Amino acid sequence: MQDIIMNNADINKVALIQILKSLSDPIRLEIVARLFEENQECSCEIFNDLGKKSNLSQHYRNLRINGLISIRRSGLHSYLSLRQEELNQRFPHLLQAIIYNHQTES
């Protein structure tokens, strides 16, 4: 079975306001925070405690469209990875600041 990589947003066309709007949702912020902490590709199953699969898939779509994550599909499973390196090149230390703030407020 072949893996399918979903189209990623062109990081050079992603606006800061898109990222901030996307991360203003607590569930999307938690998804990004967990991916940041794991620092590797993760199965979408680790986020099942955050809501229904149908709702989560919309959150994943939002994060992908806004340049925050990549999604790889393999069979029935989806794997998410944070586009941290690309985001750091475009917006240095933005994710670290947002995640640190999120962790200290939680």
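This is a predicted model: local features need pLDDT of at least 70, side-chain atom pairs count only at pLDDT 80 or more; totals for chains, interfaces and linings use all residues.
Histidine 93 is exposed, with a relative accessible area of 57%, where exposed stands for over 50%, buried for under 20% and partly exposed for what falls in between, using a 1.4 Å probe and protein chains only. The residue sits in the loop between H4 and helix H5 (94-105), helices being DSSP runs of H or I with at least four residues, strands being runs of E with at least two, and both being numbered from the N terminus. Most residues other than glycine have a negative phi.

Residues are numbered from 1 along each chain as its sequence is written, and side-chain values use heavy atoms, with hydrogens and water left out.

Asparagine 39 also has a positive phi, of about 55 degrees, although it is not a glycine. Asparagine 39 belongs to the loop between helix H2 (26-38) and strand E2 (42-43), and at 61% relative accessibility this asparagine counts as exposed.

Let me now step back to the whole chain. Its secondary structure comes to 5 helices and 4 strands, and, read from the N terminus on, the elements follow the order β-α-α-β-α-β-β-α-α. The radius of gyration is 13 Å, close to the 13 Å that the globule rule gives for 106 residues, so the chain is as compact as a globular protein of that length; the radius is taken over C-alpha atoms, and the rule is 2.2 Å times the number of residues to the power 0.38. Along the principal axes, the C-alpha atoms fill a box of roughly 40 × 30 × 20 Å.

Of the 106 residues, 41% count as buried. As for contacts, meaning heavy atoms within 4.5 Å, residues 24 or more positions apart account for 67% of those in the chain with a separation of 6 or more. The chain exposes about 6,600 Å², of which carbon and sulfur atoms supply 49%, the areas coming from the Shrake-Rupley method with a 1.4 Å probe, and for residues only the protein chains shown count as cover.

Turning to charge, there are 12 positive and 12 negative side chains, and the centres of the two sets lie 10 Å apart. Here Lys and Arg count as positive and Asp and Glu as negative, with His and the chain ends not counted, and each charge is placed at NZ of Lys, CZ of Arg, CG of Asp or CD of Glu.

Is arginine 83 buried or exposed? Arginine 83 is buried, with a relative accessible area of 5%, and it lies in the loop between strand E4 (77-82) and helix H4 (84-90). Leaving aside residues up to four places away in sequence, arginine 83 touches Asn8, Ala9, Ile11, Gly67, Leu68, Ile69 and Ser70. Arginine 90, by contrast, counts as partly exposed at 34% relative accessibility and lies in helix H4. With the same exclusion of residues up to four places away, arginine 90 touches Ile11, Asn12 and Val14.

Next comes histidine 59, in helix H3 (residues 53-65), which counts as buried at 11% relative accessibility. Its contacts, not counting residues up to four places away in sequence, are Asp25, Ile27, Arg28 and Ile31. For isoleucine 31, which is 28 residues from histidine 59 along the chain, the C-alpha atoms of the pair are separated by 8.8 Å.

Finally, the cysteines. How many disulfides does the count come to? The count comes to 0 disulfides, a disulfide being taken as a pair of cysteine sulfur atoms within 2.5 Å. The sulfur of cysteine 42 is 10 Å from the closest cysteine sulfur, in cysteine 44, which is too far for a bond. Cysteine 42 counts as buried at 6% relative accessibility, and cysteine 44 counts as buried too, at 18%.
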